[in-house]
Amino acid sequence: MSVMPTAEQTSSTALDVAWARAQFPALAQTVNGQPAVFFDGPGGTQVPQQVIDAISDYLKRDNANTHGAYQTSRNTDRIVDEARAAMADFLNCDPDEIVFGANMTSLTFAMSRAIGRDLGPGDEIVLTLLDHDANFSPWKALEEKGVAIRAAKFNESDCTLDMADLASKINSRTRLVAVGYASNAVGTINDVGEVVRLARQAGALSYIDAVHYAPHGPIDVRAVDCDFLVCSTYKFFGPHMGVLYGKRARLNQFRPYKVRPNTDETPGSWEWGTLNHECIAGIKACVDYWATLGRRAQPAVTSRRAAILAAHEAIHQHERAMLQKMISGLLTIPGLKLYGITDPRRFDNRCATIVVRIEGHTPLELATKLGERGFFTWDGNYYALNVTEQLDVERLGGFLRIGLLHYNTMEEVERMLAALREIVRR
Ligand SMILES: Cc1ncc(COP(=O)(O)O)c(C=O)c1O
């Protein structure tokens with residue numbers, strides 16, 4: 001029997017980059033007469049006009065605290081609910097499994113403190129040396145309580161996680177395994193499904209840092225089956241905030257530190273004090289931007305979740321093409337060393353975040369010279385401290401990081417390569 005393709009399965013069209021760019025007012029800036037090129041996305045992305053409008057409309061019209069018996073407060077309650085539903089679509093969970101917080105780091109410290117309440121000597125936590133420090137130090141802090149920390153290594157040749165080492169560190173004493181979905185330094189995408197499986201097999205919790213992965217690939221917490229997953233909306237075209245997904249049973253299982261009048265019901269019990277309501281209004285607009293982008297690529301999609309997935313599909317093709325051009329161009333620059341996966345056949349295991357060093361030039365010098373020419377890149381360790389220490393580049397200023405996003409263009413990649421060649425020749 002032949003199966004008719006559903007509307008959600010129709011073939012995708014290319015990403016409408018020109019339309020996407022027109023949504024981001026910041027992209028129109030110039031530096032020293034040159035167009036600004038935003039290759040700084042891994043540190044934070046720009047926001048589309050609809051996010052800016054949602055934030056300012058909230059402040060103009062709905063600004064209030066929550067749970068009051070009057071109009072603006074009720075509007076605020078509705079806006080928070082809508083943002084929760086939007087993030088639930090983004091991550092594929094239920095709205096009451098979404099917790100808002102200041103940023104991923106604060107949410108992770110809150111969670112490590114709560115989970116750590118019940119831990120002590122004899123308990124172990126497995127981390128990785130590939131992770132951003134925000135998924136390392138909050139767990140390492142539990143050493144104070146006698147918890148043993150074990151850190152899985154990565155392979156220096158291609159900066160992939162050493163899965164055998166990780167598996168060997170998980171045992172019956174392991175209580176939690178924390179791992180990044182993708183590295184914000186070298187761009188490696190980790191097999192988080194397998195990490196979750198290993199953790200579960202040992203009876204341990206899994207905690208995924210999806211901050212770097214979120215703008216590059218679709219997240220499905222149901223499919224990954226993790227206990228917790230964190231991301232930051234400012235890395236995927238939203239405002240400066242963090243979001244935590246927790247399985248309902250897990251959010252109910254652990255006891256948050258909180259003030260007494262605060263609700264005991266999840267997810268509110270994990271959100272303390274007054275949240276940034278204007279940014280929460282911006283989060284819904286950010287997810288709606290994703291959906292609009294997806295509907296432009298695949299007009300037949302129906303649900304918001306399907307539209308988000310369509311956006312990811314279109315983004316993936318565009319980012320892949322730019323990644324290929326950027327990496328092959330970089331590798332022709334004399335004295336340049338690229339850390340991470342360089343073989344195009346393995347590009348499914350990396351995202352479009354690239355770090356390099358160039359002989360005779362510090363990363364800061366390169367970033368400064370590029371910055372004067374309008375190219376925004378990062379130098380340093382970007383808090384992936386274990387990565388720069390292990391690769392022995394911490395004492396040398398870390399790496400130059402170039403981050404490609406859907407609003408970047410092939411032409412920007414070509415201009416960046418030309419600028420770098422010119423800087424290195426001098
Ligand atoms: C992979 C990764 N994890 C965690 C963080 C910390 O996120 P936040 O700034 O929301 O605390 C970052 C920030 O750069 C990151 O790239």
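How far from an oxygen atom of the ligand does a polar side-chain atom of serine 232 lie? The distance for serine 232 is 2.6 Å.

Welcome to this predicted model, where local features need pLDDT of at least 70, side-chain atom pairs count only at pLDDT 80 or more, and totals for chains, interfaces and linings use all residues. Residues are numbered from 1 along each chain as its sequence is written, and side-chain values use heavy atoms, with hydrogens and water left out.

**The ligand and its surroundings**

| Residue | Distance to a ligand oxygen atom |
|---|---|
| Serine 232 | 2.6 Å |
| Tyrosine 234 | 2.5 Å |
| Lysine 235 | 2.7 Å |

On its own the ligand exposes 390 Å², and the protein buries 89% of that (accessible areas by the Shrake-Rupley method with a 1.4 Å probe). Residues around the ligand, with a heavy atom within 4 Å of it, include Asn103, Met104, His132, Asp209 and His212. This shell divides into four nonpolar, six polar and two charged residues. In that count Ala, Val, Leu, Ile, Met, Phe, Trp, Tyr, Cys and Pro are nonpolar, Asp, Glu, Lys and Arg are charged, and the others, Gly among them, are polar.

**Two helices side by side**

Helices here are DSSP runs (H or I, at least four residues), and strands are runs of E (at least two), numbered from the N terminus. Helix α2 (residues 49-62) packs with helix α3 (residues 71-91) at about 155°, their axes 10 Å apart. Therefore α2 is roughly antiparallel to α3 (angles over 145 degrees, on a scale from 0 to 180). Tyr58, Arg61 and Asp62 of α2 meet Thr72, Asn75, Thr76 and Ile79 of α3, with contact meaning heavy atoms within 4.5 Å.

**Two loops to look at**

Threonine 266 and proline 267 are joined by a cis peptide bond, with omega about 0°. Proline 267 sits in the loop between α9 (248-253) and α10 (277-297). Asparagine 32, in the loop between β1 (30-31) and β2 (34-35), has a positive phi near 50°.

Definitions and conventions
Parallel < 35°, antiparallel > 145°, perpendicular 65-115°, else oblique. Polar contact = N/O pair within 3.5 Å; in protein donor to acceptor, adjacent residues only side chain to side chain.
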